[in-house]
Amino acid sequence: HGAPWEALEAILSVPHLRELSLVGIHPSPVKFPLDDFVFRASSHLTTFRYKHTERLMKFTRLTEVEALSIVLGHVHCSLEVLALPAQLAPVTTISTLQWPRLRTLELRGKQWTSTTMPCISLFSTMPRLRSLVLDITASHGPLLPRPIWPQSHLVPCFPWPELEYLHVSNPQANDTVYSHLPSTFNFLSLTS
């Protein structure tokens with residue numbers, strides 16, 4: 001069903017590993033680590049990408065989201081690039097972690113359902129973010145577009161002062177994010 005925890009631990013503990021891409025393999029082992037299992041992830045990993053296939057998505061289980069939460073909990077301080085399928089992204093976990101080096105966040109695929117909190121809050125702990133890709137489609141039925149920064153949602157300041165690139169699918173014209181883009185901003189991509 002997925003790579004065993006021992007294999008993931010061995011891969012992520014390689015000290016010179018900088019980039020890891022999982023393509024066509026579930027990051028969700030059948031068995032979760034026991035309480036005494038020590039997960040020693042590399043603090044040097046800078047890029048983590050997970051790309052799924054439709055064949056694999058038929059067998060997606062909640063444990064896949066949980067497995068990604070555990071892995072990200074161990075590598076978030078060193079990551080500079082994070083690319084995940086949106087429906088599997090552990091957005092609640094992501095929002096509670098600090099991302100001091102993250103420069104690129106890419107979430108593609110079906111909308112997550114674990115929270116309705118806006119992206120401006122979910123990803124506010126990424127102060128060095130330069131590229132944000134939110135290529136989101138409907139998970140069930142018609143897509144109800146969610147603004148990145150709803151007008152009614154208060155935040156103390158724009159959380160990504162170095163943002164240069166923003167890609168948004170199904171954008172909303174009344175999204176407050178467009179009026180707060182920083183002077184570093186260069187490129188906006190909007191798709192339906």
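Two strands are taken to pair if DSSP finds at least two bridges between them. Strands (E, at least two residues) are DSSP runs, numbered from the N terminus. The structure is a predicted model, in which local features need pLDDT of at least 70, side-chain atom pairs count only at pLDDT 80 or more, and totals for chains, interfaces and linings use all residues. Residues are numbered from 1 along each chain as its sequence is written, and side-chain values use heavy atoms, with hydrogens and water left out.

The model holds an open sheet of 7 strands. Their order is β1-β2-β3-β4-β5-β6-β7, and the pairing is parallel. Strands β1 (19-23) and β7 (187-191) form the edges, each pairing on one side only. Neighbouring strands of this sheet are turned by 5° against each other on average, direction ignored. Here axes are lines fitted to C-alpha atoms, and angles run from 0 to 180 degrees between N-to-C directions.

Strands of a sheet pair through backbone hydrogen bonds, either parallel or antiparallel. Strand β4 (residues 104-110) runs parallel to strand β5 (residues 131-137), and 7 bridges join them. Arg108 stands opposite Asp135 in β5.

On to β6. Strands β5 and β6 run parallel and are joined by 4 bridges. Ser131 faces Tyr165 of β6 as its opposite residue. Strand β6 pairs with β7 in the parallel sense over 5 bridges. Val168 has Leu190 in β7 as its bridge partner. Strand β6 (residues 165-169) is largely enclosed by the rest of the structure, because 4 of its 5 residues are buried (under 20% relative accessible area, 1.4 Å probe, protein chains only).

Note on methods. Buried means under 20% relative accessible area, exposed over 50%, partly exposed in between (1.4 Å probe, protein chains only).
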